[in-house]
Amino acid sequence: MSSYLSSSTYKGAFESIPSGPPDVHLAAIRAAREKHSGRIFILYIGQADNSGNSWCGDCNDIKKVLSNIPSENSILLECQVTRDEWKVSPGSAHPLRSQRFLPVGGVPCLMKMGESRPIAALTESDILDETLLLSLIEV
């Protein structure tokens, strides 16, 4: 799998995490929390091709604003979903959409994690709104 973030404006530390199964996904988030004492953001995006572009148009559009996410004392976890798993099967029944802990309403979705759960999230074109994005970062 190609890294979406390597072709974006974000230049800080990042790790890729699996989209499922749910217990593996949550374990990867917990492991990141144990390794990193700073801010943790999770970016849910459509899977990237070899050039780092996503099948999701909104995902490609937000690349230019990801530089607003602080690179100092932060890590960005990248979670890619394929078009088929997000749109076709299981589609609306995808575990990420139905988890009480991490409900992902759409892609892209940017979450800021607290100690044990998300404290703020933006989806789709809301990530392009500089005021909303800066508010999410400062929460």
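Mentor: Start with a definition: helices (H or I, at least four residues) and strands (E, at least two) are DSSP runs, numbered from the N terminus. Keep in mind that this is a predicted model.

Trainee: Where does that numbering place proline 108?

Mentor: Proline 108 lies in the loop between α4 (95–98) and β4 (109–113). The bond that joins valine 107 to proline 108 is a cis peptide bond, with omega about 0°.

Trainee: Which peptide bond has omega near -5°?

Mentor: The one from glycine 20 to proline 21, and it is cis. Proline 21 sits in the loop between β1 (13–16) and α1 (22–35).

Trainee: How many helices and strands does the protein chain have?

Mentor: Five helices and five strands. From the N terminus on, their order is β-α-β-α-β-α-α-β-β-α.

Trainee: What makes the protein chain as compact as a globular protein of that length?

Mentor: Its radius of gyration is 14 Å, and the globule rule gives 14 Å for 139 residues. The two values are close, so the chain is as compact as a globular protein of that length. Its C-alpha atoms fill a box of roughly 35 × 30 × 25 Å along the principal axes. Buried residues account for 47% of the 139 residues.

Trainee: Why is asparagine 73 called exposed?

Mentor: The cut-off for exposed is over 50% relative accessible area. Asparagine 73 has 52%, so it is exposed. Its place is the loop between α2 and β3 (74–81).

Trainee: Why is glutamate 124 called partly exposed?

Mentor: Buried means under 20% and exposed over 50%, with partly exposed in between. Glutamate 124 has a relative accessible area of 36%, so it is partly exposed. This residue is in the loop between β5 (118–123) and α5 (130–138). Its phi is positive too, about 50°, although glutamate 124 is not a glycine.

Trainee: Which residues gather with Glu124 in a patch of negative charge on the surface?

Mentor: Asp58, Asp61, Asp126, Asp129 and Glu130. Patch residues need over 30% relative accessible area and no salt bridge, with like charges joined within 9 Å.

Trainee: How do you know that aspartate 61 is partly exposed?

Mentor: Its relative accessible area is 37%. Aspartate 61 belongs to helix α2 (residues 57–61).

How values were computed. Residues are numbered from 1 along each chain as its sequence is written. This is a predicted model: local features need pLDDT of at least 70, side-chain atom pairs count only at pLDDT 80 or more; totals for chains, interfaces and linings use all residues. Side-chain values use heavy atoms; hydrogens and water are left out. Patches are made of residues with over 30% relative accessible area and no salt bridge: like charges are joined within 9 Å, nonpolar side chains (Val, Leu, Ile, Met, Phe, Trp, Tyr) within 5 Å. Accessible areas come from the Shrake-Rupley method with a 1.4 Å probe; for residues, only the protein chains shown count as cover. A salt bridge is a side-chain nitrogen of Lys or Arg within 4 Å of a carboxyl oxygen of Asp or Glu. Lys and Arg count as positive and Asp and Glu as negative; His and the chain ends are not counted. The place of a charge is taken as NZ of Lys, CZ of Arg, CG of Asp or CD of Glu. Buried means under 20% relative accessible area, exposed over 50%, partly exposed in between (1.4 Å probe, protein chains only). The radius of gyration is taken over C-alpha atoms; the globule rule is 2.2 Å times the number of residues to the power 0.38.
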